[in-house]
Amino acid sequence: MAFAPSSTTSRTVREVGETSDAGGGIHLPDTARDLVKILVAGPFGVGKTTLIDSVSEIRPLHTEEPLSEASAQVDDLAGVRDKSTTTVAVDFGRISLPGGVVLYLFGTPGQQRFRALWDDIAYGALGALVLVDSRRIDASFDVLGLVEESGLPYAVAFNPFPDAPRHYTEEQLRTALDLDADTPMVTCDARDADSSVDALLALVQHLIDRNAPEDDR
Amino acid sequence: MTGRRGGRPLVPAYLSTGGVARPSRPHLERLSVLTGAGTPAPAGLPAAQLALLDALDDGSLTVVEAAALLRLPVSAVRVLAAELIDRDLVLARAPIPPAGRFDPDLLKRVADGLRALKHN
């Protein structure tokens, strides 16, 4: 299919590749009716983009979001070379589901200094899938704090890295993360599409369960 | 808006909106759907507004998709889109009906859709 790079779009849209649908573009399918979003939250390097990439029908896109002055003072740019302005990249992907539902996944950095950005992204979200890195469990504390403050329902996906220093039982993890008994926790290999979908399903099922009318409400 | 070396757009985000920092309408969400009205662009439309209008030629985009495509922050696209909406050049609709996000039927459709993905 001809896709002449125009001056306005050639740089950010991926090349039309063998895996793309007709046109390869990011325009919405005509069937799109309800657009919903789920946050994929976690510290840097935990696998947010990997998870989004494994299930997204478009290659994950990103927006560069400026951070506030307040955050610029404390933003840790160590290891980030050539960083001249303080922005953070927010990745997102999209899955068109049958029935006119389009699910967006937003990779959301979980540090407290991103609070304003977090609130903007979280607005209207169904819930959050919090990714926990088996090598750095404490790096997820900030994220869990933000999720809980924002009142978003969430599930925890534990991404086991092969070089993790030790193996945790589910009970140890729940204790370490101070999770409620009804907060779902699943193990998730973010590189694997089915595994990622399972983690998302655990969250959505949790949303259904907690919204189900019960006698005691 | 061809990217130059380093990948940044030639026009910085804060100039793309003509210096306007806040959109003229209350709230365009990241997932608000923008659709071109199909009317020809009037002469003299600012370049960034024209670029957004052009991007909608091939179909609808959410605010966040338009931002990624145009390499602008979401906040800038909100301003641009609001101006185009004010001039009836672009139509916007909310992603889901108000208060619809905990609609059991919607959640069930999301779950069913995700399950269908696995069996493909």
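In chain A, 72% of the contacts with a separation of 6 or more are between residues 24 or more positions apart, where contact means heavy atoms within 4.5 Å.

A word on the source. This is a predicted model, in which local features need pLDDT of at least 70 and side-chain atom pairs count only at pLDDT 80 or more, while totals for chains, interfaces and linings use all residues. Residues are numbered from 1 along each chain as its sequence is written, chains are lettered from A and ligands numbered from 1 in the order in which they are written, and side-chain values use heavy atoms, with hydrogens and water left out.

Now chain A. Its secondary structure comes to 6 helices and 7 strands; these are DSSP runs numbered from the N terminus, H or I of at least four residues for helices and E of at least two for strands. From the N terminus on, the order is β-α-β-α-β-β-α-β-α-β-α-β-α. Of the 217 residues in chain A, 50% are buried. Buried means under 20% relative accessible area, exposed means over 50%, and partly exposed is in between, with a 1.4 Å probe and protein chains only. The accessible surface of chain A is about 10500 Å², and 49% of that belongs to carbon and sulfur atoms. Those areas come from the Shrake-Rupley method with a 1.4 Å probe, and for residues only the protein chains shown count as cover.

One residue to look at in chain A is A:N159, in strand β6, residues 154-159. Is A:N159 buried or exposed? A:N159 counts as buried because its relative accessibility is 7%. Leaving aside neighbours within four places in sequence, A:N159 has contacts that include A:V46, A:G47, A:D133 and A:D189.

On to chain B. There are 5 helices and 3 strands here, and along the sequence they follow the pattern α-β-α-β-α-α-β-α. Chain B has 120 residues, and 45% of them are buried. Its accessible surface comes to about 6000 Å², with 55% belonging to carbon and sulfur atoms.

In chain B, take B:L53, in helix α2, residues 47-55. With a relative accessible area of 9%, B:L53 is buried. Beyond its neighbours within four places in sequence, B:L53 is in contact with B:A41, B:L45, B:L84, B:L89 and B:V90. B:L53 and B:V64 are 11 residues apart in sequence, and their C-alpha atoms are 15 Å apart in space.

Last, the interface. How many residues does the contact take from each chain? It takes 50 from chain A and 42 from chain B. The area buried between the two chains is about 4200 Å², 64% of it from carbon and sulfur atoms; buried area is the accessible area (1.4 Å probe) that two parts lose on being put together, summed over both.

Across the interface of chain A and chain B there are 6 salt bridges, each a side-chain nitrogen of Lys or Arg within 4 Å of a carboxyl oxygen of Asp or Glu. The side chains of A:D198 and B:K118 meet in a salt bridge, at 2.7 Å from N to O. On the side of chain A that touches chain B, elements supplying at least two residues each include β3 (87-97), β4 (101-109) and α6 (193-211). The largest share of that side, 10 residues, comes from α6(A).
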